[in-house]
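Student: I am new to this protein. Could you help me read its structure?

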Amino acid sequence: MGKTAVITGASGGIGQALARSFAEAGYRTALCCCSHPEAAVELAQELRDKGFDAEPFWADLTDTEQVHEMFGNIEDTFGPAEVLVNNAGVASQELLPDVTDEEYDHIMGVNLKGPFLCCREVLPPMIARKSGCIINISSMWGQVGGSCEVVYSASKAGVIGLTKALAKEVGPSGIRVNCIAPGVIDTAMNAMHSQETMDELAEETPLQRIGKPEDIAAAALFLASEQAGFVTGQVLGVNGGLII
């Protein structure tokens with residue numbers, strides 16, 4: 001039997017690409033989502049129809065009890081997670097004085113508390129086995145900050161800090177923790193931008209294109225592989241050279 005990979009935010013563009021890539025690579029794949037569950041159900045069925053092991057799971061990643069129950073269900077179905085990809089995320093674009101307490105709590109909750117809770121669930125069995133891989137999806141704005149995306153940038157910078165600190169903490173247990181910082185990717189999250197803005201961003205990118213969800217999935221699959229066996233605590237920018 002293959003290893004178990006847990007993908008959060010599996011109903012979104014990057015999440016679906018991650019789920020497809022890990023399933024096709026032979027992983028038993030847990031597709032975790034909170035919103036748009038129908039997309040995760042359809043994708044899981046699509047993957048099963050192709051002969052892969054894939055099941056959808058649900059939880060509000062800001063809720064401790066729901067996250068604990070979800071990981072219990074995953075373990076009952078597939079066994080303990082060997083790979084965790086913390087991909088779920090939300091964003092908003094507005095001036096800081098216009099951000100409400102509720103918006104701040106929601107963004108920080110999904111983007112930073114969610115990875116914390118998921119890591120806390122998978123680590124005990126990983127430490128017991130002395131092996132495991134955690135991949136956190138941050139953002140280039142977590143590296144350099146984005147105007148009108150202050151809270152989002154802060155949450156994604158927190159993901160980078162979590163990655164670096166946790167890599168040091170669990171490295172002696174044989175667990176690797178890395179981070180991917182995507183650039184501008186063609187997903188629903190970037191639908192807030194006009195086509196003109198997206199064209200300008202593509203022109204500003206040295207590789208002269210917008211990224212695809214598959215670009216992020218390929219990087220995650222590499223970080224989960226034996227080829228990255230000596231890589232931990234790193235932030236891999238997948239951004240076409242926009243941020244160097």
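Tutor: Let us begin with the elements: the protein has 8 helices and 7 strands. Helices (H or I, at least four residues) and strands (E, at least two) are DSSP runs, numbered from the N terminus. The radius of gyration is 17 Å, close to the 18 Å from the globule rule for 244 residues, so the protein is as compact as a globular protein of that length. That radius is taken over C-alpha atoms, and the rule is 2.2 Å times the number of residues to the power 0.38.

Student: Where do these coordinates and numbers come from?

Tutor: This is a predicted model, where local features need pLDDT of at least 70, side-chain atom pairs count only at pLDDT 80 or more, and totals for chains, interfaces and linings use all residues. Residues are numbered from 1 along each chain as its sequence is written, and side-chain values use heavy atoms, leaving out hydrogens and water.

Student: What share of the residues counts as buried?

Tutor: Buried means under 20% relative accessible area (1.4 Å probe, protein chains only). Here 49% of the 244 residues are buried.

Student: Which residues have the most contacts inside the largest nonpolar core?

Tutor: A nonpolar core is a set of buried Ala, Val, Leu, Ile, Met, Phe, Trp, Tyr and Cys residues joined through side-chain atoms within 4.5 Å. The largest has 29 residues, and those with the most contacts inside it are L18, F22, V83, V85, I135 and I180. Elements giving it two or more residues include β1 (4-8), α1 (13-24) and β4 (83-86). A second, separate core of 27 residues includes F57 and F71.

Definitions and conventions:
Buried means under 20% relative accessible area, exposed over 50%, partly exposed in between (1.4 Å probe, protein chains only).
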